[in-house]
Structure formats: structure tokens, C-alpha cells
Amino acid sequence: MNKLILGRYFPGDSPIHKLDPRAKMIAGIAFIFISFMAKNGQGLILLWLFTFFVMSLTKIGFRVFFRGVRPLIWLILFTVFLQILFTAGGIIYFTWGPIKISEFGLINALFIFSRFVTIIFVTTAVTLTTKPMELTDGLNFLMRPLRFLHVPVDELSIMLSISLRFIPNLLDETQRIMDAQKARGAVFGEGSLFRQMKALVPIFLPLFSGSLNRGEELANVMDVRGYRSELPRSSFRQLTWKIKDTVCILVILLLIAAFAVLNLVID
Amino acid sequence: MQIRLNQVSADYQLGPVHSPRVLQDVSLQIAPGTFTAVVGPTGAGKSSLLKVLNGLLLPKSGWAEVGDIKIDSKTSKKALKAVRKHIGMVFQFPESQLFAETVEQDISFGPLNFGASPEAAHDLAIKMIRQVGLDESILQQSPFSLSGGQKRRVAIAGVLAQEPEVIALDEPTAGLDPSGKAELMSLFKQWNKCKRLTVILVTHDMETAARYADDAVVMDQGKVVYHGSVRSLFADSEKLNRWQLDVPEARRFQLAFETYSGIRLPNVCLTEEELAEALIGVGRV
């Protein structure tokens with residue numbers, strides 16, 4: 001449980017921390033597309049350079065980022081090996097039945113690995129430096145156009161912020177219930193897979209019932225305090241767009257331009 | 001069952017939150033068959049102390065000893081399970097640990113984990129549900145359909161069903177009505193007296209501590225600052241002030257009475273009954 005990095009906020013006052021969440025989120029999403037623009041060696045180097053530049057700007061230790069990759073490492077390795085083993089083309093180094101290790105396969109695998117890891121690093125940089133509440137505020141703003149399609153944007157974002165708000169409580173409660181069941185002789189993480197799954201029932205059932213109760217209580221409290229879903233809501237936290245946010249977007253545009261130029265020149 | 005703590009220090013880690021030194025060099029010895037109240041301000045380490053006894057929080061340094069099992073930073077899971085068999089732990093709001101389909105299954109959970117046969121667990125469930133003052137018919141109901149007070153009793157029955165020699169209680173009566181509270185506390189007292197169970201009670205309520213406990217442990221900022229009889233603790237108003245502990249009502253009345261009347265009562269009164277007796281005694285003279 002302590003290993004999960006995604007969605008965790010690391011307090012700090014680096015330049016990245018101070019950016020507007022909207023700027024960070026736009027930049028993060030843009031980066032996902034940018035990573036697909038890297039089509040040659042120079043592009044790949046630029047991709048990595050930019051990633052490490054962002055990571056060092058956050059002033060958070062690289063180890064934290066590496067931990068962020070860990071839960072996805074099997075997925076990454078799986079795709080990488082798929083590429084290596086089943087892509088043909090260029091010089092073929094090794095053949096065994098349908099399996100071919102070829103030049104193109106290796107190059108493709110390198111690109112896919114780089115895309116995966118840089119995307120994870122950069123998006124982790126965004127989530128590590130942005131408070132969950134800021135993230136939902138930013139998301140609310142970015143989803144605003146969807147209102148014209150009658151998507152309940154405000155409701156969705158309040159649902160999201162409430163869920164995020166209760167994650168620490170849930171962790172706390174999980175720990176408490178685990179302790180209580182351990183005190184009654186329950187053992188976790190031992191025996192066959194089936195037994196391990198069965199051992200989780202005494203944790204999850206109380207957790208579920210507790211969450212449902214809390215949800216109902218919260219709904220009542222919100223009602224009592226005058227929450228109405230159909231009315232427009234003002235926000236206590238106001239997002240302000242500053243010059244550095246514009247700079248951030250400009251840097252991203254510059255990066256796009258650089259990739260475009262690289263692709264044109266080398267082709 | 002003898003309980004000893006020797007210079008135990010412990011840290012607490014939950015997610016990214018690290019609380020250093022929740023317990024600092026705690027040395028403590030609790031004799032078998034005693035009823036000990038652990039009191040002190042919030043965050044003093046009272047609950048952590050209980051967790052150390054139960055092996056849920058392992059000492060960073062020092063060791064604890066329950067019976068002849070030693071708990072330190074390297075104790076094996078198996079030894080911890082043996083410790084937990086001997087120490088029944090009732091957490092704050094224990095009703096949140098109920099999970100099974102029927103009350104009987106929930107009460108049997110502990111005994112089955114500790115190796116009781118299904119028949120023995122069934123007998124224990126019947127015995128325990130009666131002990132906590134509930135009707136046998138409740139055994140086949142879902143624990144989620146019960147009232148708050150009933151859930152609390154079922155949860156406590158579940159802990160007692162593992163037949164511990166020590167029960168560690170963390171605010172067992174929080175949120176109960178006064179009569180439920182008194183019933184539950186006298187139940188614990190009765191077990192303590194008749195079955196020679198060691199009871200360790202963490203509480204904020206000085207009335208409860210004064211009325212039911214023999215010994216008191218006062219904790220402050222992770223340290224044990226007092227361990228002695230409840231009566232001598234409440235006799236010392238200066239100390240109580242220093243540790244911000246409440247004075248039980250009867251004792252407060254006694255102090256005011258002594259100041260205004262100039263008459264000193266012969267002993268420190270902790271309950272209304274004692275106070276009434278002392279006052280009658282003084283009146284007769």
C-alpha cells in the first residue's frame with residue numbers, strides 16, 4: 001500500500017509545484033502525443049533530455065519516479081518483448097520458428113520502452129507536484145466544454161474530489177481493520193492464492209459497509225448544508241493563470257516544433 | 001499471565017506519514033489478574049502501548065514479554081500469533097470489524113483462527129453471546145442488522161471467544177449510553193474478579209478508571225510517568241493537574257467539602273458509595 005506513487009502529492013516549492021494545474025495537465029497530455037513524434041535517434045534523445053529536465057525541476061528524488069514505474073514494469077516488459085520477438089525487418093539476427101529477433105524489432109522495442117517510461121515519468125511529475133484538489137479543479141476547468149453535451153461536469157468533479165479526499169481515511173480504516181482481524185488470529189499473505197483471497201474478506205466487508213455508511217452520512221450533511229447539484233457553484237480555490245503558465249505552454253509548443261523540424265530534416 | 005515491557009521504543013508509519021517515537025523507553029510490568037487503567041492525553045501513546053503488547057506494533061528497540069514469549073523487532077509471525085491468542089484486544093469501535101454472514105460465524109472467527117474445532121467454536125459462540133448479555137437467537141442473524149450497542153457486544157464476544165488470559169480494551173464504552181456503559185464495565189470487572197483475567201483498559205474517562213481499575217498507568221508524550229494504585233493517583237491533585245487528568249466527581253466533591261467544612265475525610269473517595277459512607281462516618285462522630 002505504501003508503494004503506490006500514482007496520485008500521491010509530494011509537497012515542495014519547485015517551479016513545477018507553482019505552476020497552474022491547468023497548465024501542467026495540458027502540458028502532460030500534450031507530452032503523451034509528443035512522445036509519439038519521436039521517430040529517430042535524435043528525437044529519442046530529445047525526449048529523454050526533456051523528461052529528465054522536468055524531473056529535476058520538480059526537486060523530487062529520481063528514486064520516487066522509478067518507484068512510480070514499478071507497478072507497470074511487467075506490462076512494459078511484455079510489450080517490449082512482444083516487439084523484439086515478433087517484428088521482422090532489417091537485419092535478422094536470430095530465427096527460431098515464428099520467433100525472429102531483427103534489427104527493426106530491437107529499434108521498435110527501444111522506442112516503445114522509451115515512450116512508456118517517459119510518459120510515466122512526466123505524468124508522475126504532474127501528479128506528484130499537484131495537490132489532488134488542484135487536479136480536480138484543473139480537470140473541472142478542462143472538462144467545461146463537455147457541458148454543452150449535457151455532461152454533468154461539476155457533479156463529476158465533486159465526486160472525484162470527494163473520492164480523493166477520502167483515500168487517507170480509507171487507508172487508515174484498512175489499517176485499523178487489519179489490526180483488529182490480526183488480533184483475532186487472522187493471517188494475511190500466507191498460504192495458497194485461494195486462502196489469501198479468502199483472508200481478505202474480513203477486511204473488505206467491513207470496509208465496504210463502513211464506506212457505504214460514511215457515504216450516506218456525507219450525503220445527508222451535504223444536503224443539510226444546502227448542496228444542490230443543479231445550481232451553479234462558486235469555488236473557494238480560484239485558479240489564476242500567470243506568466244509562467246504561459247511559458248510552460250510555450251515550452252511545450254517549442255518542443256513540438258523541435259520534433260517537427262527533426263522529423264522533417266532527417267527525412 | 002505476566003506482562004513486561006523493557007525500554008520499549010516504537011515508531012509508527014502509515015503511508016507517507018511517519019510519527020517518530022510514539023513510545024519512548026517504556027518499561028512496565030503488569031501483574032496477572034490486575035485491572036489496570038491506562039490514561040493520559042490524546043497522542044500520549046496509550047493505544048500504541050496496547051498494540052505493542054499484541055505484536056501489532058513491533059518495538060524499534062527494547063522488548064516486551066507476554067508470559068514467556070518475547071516480542072522484539074525480530075519476533076516471528078508464529079510467535080506473534082501465539083501472543084495474540086493470549087491477549088484479546090478490543091479496539092476502539094470494535095463493531096467496525098464485524099464481517100461474517102451470521103453473528104455465530106463472526107464470533108467463531110477468532111477461535112477457528114487459533115485452532116479450535118468447529119464444535120468447540122460453536123459452543124464458545126453460545127457461551128460468549130450469553131456472557132455479553134445477548135440472547136442466543138441473535139446468533140443466526142446478520143451482524144449488520146443489529147443495533148449499535150448489540151454490535152459492540154457481539155464484537156466483544158468475538159474477542160473473548162478466543163479465551164484470552166489478558167484483555168486489552170481501547171475505549172470499549174465510547175459512544176454507548178450510560179446504562180450500556182455500566183453493564184459492559186461491570187462485565188469486565190466480573191471477569192477480572194472471577195476468572196482472574198488481566199484487564200488493561202485505555203480510557204479518557206476518569207470516572208470509569210476510578211470506579212473499576214485497581215492500578216493506573218499515566219502516559220504523557222510516549223512515556224510512562226506514573227504507575228501505581230488508582231487511589232494514590234487521585235489523592236495527588238497536583239500531579240493530576242500536571243498531566244491534565246480529570247478528577248472523579250466524588251473526589252471533587254470530597255475536596256470541596258474538606259475545604260469548606262475544614263473536616264478531613266479519613267480516606268480518598270473515588271465513588272459515590274465510598275463518599276456517602278465516609279460522610280456518614282464523619283457525621284456519626
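Visitor: What makes Trp96(A) count as exposed?

Guide: Its relative accessible area is 61%. Buried means under 20%, exposed over 50%, and partly exposed in between, with a 1.4 Å probe and protein chains only as cover; Trp96(A) is therefore exposed. The model is predicted: local features need pLDDT of at least 70, side-chain atom pairs count only at pLDDT 80 or more, and totals for chains, interfaces and linings use all residues. Residues are numbered from 1 along each chain as its sequence is written, chains are lettered from A and ligands numbered from 1 in the order written, and side-chain values use heavy atoms, without hydrogens and water.

Visitor: Why is the pair of Phe66(A) and Phe121(A) called edge-to-face?

Guide: There are 11 aromatic pairs over all chains. In this one, the ring centres of Phe66(A) and Phe121(A) are 5.6 Å apart and the planes are at 65°. Rings of Phe, Tyr and Trp (its six-membered ring) pair if their centres lie within 6.5 Å; planes under 30 degrees apart are stacked, over 60 edge-to-face, and the rest tilted.

Visitor: What makes Phe99(B) and Phe109(B) another edge-to-face pair?

Guide: Their centres are 4.8 Å apart and their planes 75° apart. Phe99(B) is in the loop between strand 6 (87-90) and helix 3 (103-113) of chain B, and Phe109(B) is in helix 3, so the pair ties together parts 10 residues apart in sequence. Both Phe99(B) and Phe109(B) are buried.

Visitor: How do you know that Lys70(B) sits over the ring of Trp63(B)?

Guide: The charged end of Lys70(B) is 4.7 Å from the ring centre of Trp63(B). A charge counts as over a ring if NZ of Lys or CZ of Arg is within 6 Å of the centre and within 35 degrees of the ring normal. Arg165(A) also lies over a face, that of Phe166(A), at 4.9 Å from the ring centre.

Visitor: What makes strand 4 and strand 5 of chain B a pair?

Guide: Two strands pair if DSSP finds at least two bridges between them. Strand 4 (residues 61-66) and strand 5 (residues 69-71) of chain B have three, in the antiparallel sense. Ala64(B) has Ile71(B) as its bridge partner. The two strands form a hairpin with two residues between them, and Gly67(B) in the turn has a positive phi of about 60°.

Visitor: Why is the contact of Lys51(B) with Asp179(A) called a salt bridge?

Guide: The closest N and O atoms of Lys51(B) and Asp179(A) are 3.5 Å apart. The rule asks for a side-chain nitrogen of Lys or Arg within 4 Å of a carboxyl oxygen of Asp or Glu, so the pair qualifies. The pair crosses between chains, from helix 1 of chain B (residues 46-53) to helix 9 of chain A (residues 167-183). Both Lys51(B) and Asp179(A) are buried.

Visitor: How do you know that helix 1 of chain B is mostly covered?

Guide: Seven of its eight residues are buried, among them Lys46(B), Leu49(B) and Lys51(B). Just after helix 1 of chain B, Gly55(B) takes a positive phi of about 70°.

Note on methods:
Helices (H or I, at least four residues) and strands (E, at least two) are DSSP runs, numbered from the N terminus.
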